Structure formats: structure tokens, C-alpha cells
Amino acid sequence: MRPSDWLKTAVILASGLGVFGCGSNPPQLPSPEATPKSAVEGTLVFHLSDTIKVRIPTNRSPEKLVLKNGAERLVLLPIDSACYRVPVFDGMLCLDREGQGSWTDVLRTGETPYTVDIEFIEEKVGGSLNGEWTSNETWRMAFGNEDPWFGDLVLNRSSKGQLKGTIETATGDFRYLHGEETNGMLTLQTFDGAHLFHFSANTSITDSLVDGVFSSGNHYQTPFTAHLKSDSDAPLASGNQAVWTQVPIGYAGKDLLGNPTEWVWSASDSAVHVLSVMGSWCPNCMDEHRLLADLMKSNPQMHVHTLAFERGLDRVNGEKMALNRLKQYSESMELWRYPNRWHVNLIGPASKTEAQKRLPFLDKVVSFPTSIVLVPGANQPWIHSGFNGPATGEKHELERNRFTQVINGLQESR
């Protein structure tokens with residue numbers, strides 16, 4: 001069964017009105033590897049429809065819920081005896097004693113809470129497959145029948161038919177996908193607190209995926225096909241990187257307390273500044289911020305300016321709810337570790353068109369995230385649209401190298 005109406009209301013109030021806001025003593029999250037003795041092994045099943053289910057290996061205990069999303073570990077801490085809060089992206093998972101419940105996503109801004117029915121099934125899921133992956137393959141995917149968009153499905157396959165990988169696009173990735181191929185059907189899925197994706201396809205035709213269906217939550221579906229990628233396939237589109245319009249670089253918005261704030265870059269500034277155009281609803285933005293946080297440790301003169309474009313600003317109390325979402329995001333990401341160096345600002349609504357209007361020094365905003373790096377002595381900013389996260393492996397390391405070189409004042413290596 002779903003949580004009661006009062007429970008749905010509670011999560012909106014908790015996330016929107018700051019029950020989980022920043023405090024002077026931020027909580028220390030337990031290690032995902034530390035499994036309580038009371039933990040029960042099983043599978044958390046998200047019911048997207050009568051036939052489509054996302055299955056995530058999970059350890060359940062009163063102390064925490066640990067979801068094993070591929071190589072990623074999501075640690076959900078309890079709100080009360082039935083519900084656990086989703087880290088970074090907020091919302092909650094609620095389960096009754098029989099293992100029935102729902103996921104409530106507060107990132108969506110409809111008139112009623114967005115929920116997906118879930119259940120926890122106690123079962124042995126199996127151990128790690130480290131060292132058992134036997135093949136690597138890349139599939140060129142085409143989504144939709146009219147005006148299709150494209151991506152590369154990069155897969156590792158085990159001898160037991162299990163799969164892991166991601167989908168790479170021109171501006172980012174689909175993070176950690178995992179699943180299996182059985183009886184001529186391929187299935188992949190992910191749940192990272194914001195994304196709830198499911199892919200299925202028929203593999204009966206050699207070197208092809210047919211009758212593919214991509215589902216995002218219980219609200220969106222589109223067909224896809226794929227073929228094994230070859231040297232004759234064109235590279236994915238570059239994503240048309242944004243460029244500097246020669247307009248002075250700066251921004252105006254509100255800080256986390258709701259006070260007006262503005263900032264303008266001076267070429268004489270001796271510090272490195274990174275402006276991150278993002279949204280607290282964006283998993284690729286989260287991945288980029290984790291990289292920037294690592295680089296902050298070795299660059300004591302580096303500042304990051306989070307320029308947030310948030311959903312729901314047109315709703316009653318929309319700005320207040322957005323600011324509290326950003327407080328929660330900042331706490332979950334432990335941005336308090338960088339006092340006076342990581343500046344979080346609410347700039348406008350979650351729209352690339354609106355983002356460009358509010359940041360006229362960019363000719364366009366291609367994607368969230370977009371980063372603008374300002375280095376002392378440079379005659380122009382370095383602008384980077386999109387981000388390849390850790391699920392992409394080598395491409396993520398290339399992103400790390402690019403950012404490191406630019407922040408250190410070296411020429412970017414492509």
C-alpha cells in the first residue's frame with residue numbers, strides 16, 4: 001500500500017520548509033560498507049506498471065536502507081519507523097512491516113505528490129562479480145520515432161548474463177545502469193534518488209536491439225533501437241559548447257538566506273573562480289560538484305559559485321521551497337567543508353532559455369551542468385557544457401584531467 005495522505009504531506013513540508021535544513025553540526029553519514037547486524041538482504045522493487053519493474057539490490061534495517069545501484073551505494077537514513085530520506089535529492093522511501101510502500105519524489109512540482117509503488121522482497125541477491133566480467137561492447141542507440149536522439153550504450157557483460165554500464169550522450173551520461181540478459185531479452189535499470197530508469201529490448205536479431213522501450217518512472221516511455229557500434233558510425237554530436245559573448249561575467253540572485261546577492265568577475269582577481277550552472281534536481285550536476293570538491297582540496301584559492309535554476313518557483317512558497325531544497329543539497333554534499341569558498345545562489349527557474357537570459361555572458365545554455373572557469377591572467381573564460389560522470393570510466397578521467405589542467409592555468413587537453 002502507499003503511505004497515507006498525511007505522510008505524503010509530511011515529506012513535502014519536510015523538504016520544502018526546511019526540517020532537513022543546514023545545521024551547525026551536520027550529521028556524519030555512516031559508511032555504506034558498514035552493514036548493521038539487523039540488516040536483511042533483499043530486492044527493492046519499483047512498480048512502474050503491471051509489467052515493468054525496476055529491481056535494486058538492497059539491505060534493509062531500522063538504522064538505514066542501503067541501495068546497491070550498480071557500483072553506487074545509496075545510504076538512506078530513517079525519518080521514522082517506516083520511512084527513509086533519500087540523500088541529495090530528498091524525497092523518501094516508506095515501507096510497512098510487510099514490505100509494501102512507495103517512493104515519493106519531491107523534485108517534481110505537480111499539484112499532487114509524485115509517487116511510485118514499491119515493495120521489499122527478502123531474498124539472497126548474490127555477491128560481487130568483480131573479476132568475472134568477460135566482454136565489453138558499445139551499442140549506438142536511437143530513441144523515438146520522430147526526430148530521434150542518440151546515445152551510446154557501453155556495456156560490460158558477465159559469464160552469468162549480468163550486465164553493467166551506462167549510456168553516454170553528447171552532454172552527459174545516464175549514470176550506473178545494471179541488469180541482465182535472459183531468454184533473448186535485455187533489461188537495464190537505475191535508481192540514484194532522482195533517476196528511475198528502465199530499459200528493455202529484444203536481442204534475438206544478431207548485433208541488434210529491437211522492440212526497445214525506455215521508461216522513466218511511471219510517467220514517460222519512448223521506443224528505441226540499437227546496433228553494435230562500428231567505425232562507420234559518426235561520433236555523437238558535440239553538444240554545441242556555449243561561448244562567451246564578451247559581456248562582463250557575473251550574476252545576480254539570492255543566497256541561501258533569501259538575501260539578494262550579486263557578483264562580477266574582475267580580471268585582476270587572484271583567485272580561480274568556477275561558476276557552475278546547475279539544478280539540485282540534476283544527477284550529472286551532483287557528479288560534477290563531487291569532482292569540484294576534490295579539486296578544492298588541492299586548490300586553496302579556488303572558489304565555486306553554484307548558480308542554481310530550480311523547479312517550482314512559480315508555485316505558492318516556491319522560492320522558499322527552492323531555497324530549502326538548496327540547503328538540503330548543500331548539506332548532503334557537505335559543502336559546509338568549504339566556508340566562504342563555495343557560494344550557493346538561487347538564480348532562476350529550471351529552464352535553459354531562462355538561464356541564458358539571466359547569464360547573458362553565455363550565448364546559450366546547452367545543458368545542466370555548464371561550467372565557466374575563470375583563471376587569473378586568462379584573457380577569456382573556459383566554458384564546458386555537460387559532464388561525463390564516474391560511470392563512464394575513462395571519459396570521466398578525461399573530464400577530471402580537463403578541469404585540473406584548466407584550474408591550474410594550463411592549456412586544456414582534448
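Predicted model: local features only at pLDDT ≥ 70, side-chain atom pairs only at ≥ 80, totals over all residues.
Residues are numbered from 1 along each chain as its sequence is written, and side-chain values use heavy atoms, with hydrogens and water left out.

I begin with the chain as a whole. Its secondary structure comes to five helices and 23 strands; these are DSSP runs numbered from the N terminus, with helices being H or I of at least four residues and strands E of at least two. Of the 414 residues, 51% are buried, where buried means under 20% relative accessible area, exposed means over 50%, and partly exposed lies in between, with a 1.4 Å probe and protein chains only. Among contacts with a separation of 6 or more, 57% join residues 24 or more positions apart; a contact means heavy atoms within 4.5 Å.

I turn next to the barrel. Eight strands form a closed barrel in the order β9-β10-β11-β12-β13-β14-β15-β16, with antiparallel pairing. From one strand to the next, the twist averages 30°, with axes fitted as lines to C-alpha atoms and angles running from 0 to 180 degrees between N-to-C directions. Two strands count as paired if DSSP finds at least two bridges between them. In one example, Leu-163 has Gly-179 of β12 as its bridge partner.

Leaving aside residues up to four places away in sequence, Glu-72 touches Leu-67, Arg-175, Tyr-176, Asp-192, Met-286 and Arg-290. Leu-77 is also found in β4, but is partly exposed, at a relative accessible area of 25%. Its C-alpha atom is separated by 8.7 Å from that of Pro-62, 15 residues apart along the chain.

Finally, I come to helix α2. This helix covers residues 283-298 and reaches 24 Å from its first C-alpha to its last, close to the 22 Å expected at 1.5 Å a residue; the expected span is 1.5 Å times one less than the number of residues. How many of the 16 residues of α2 are buried? Twelve are, and the helix is mostly covered.
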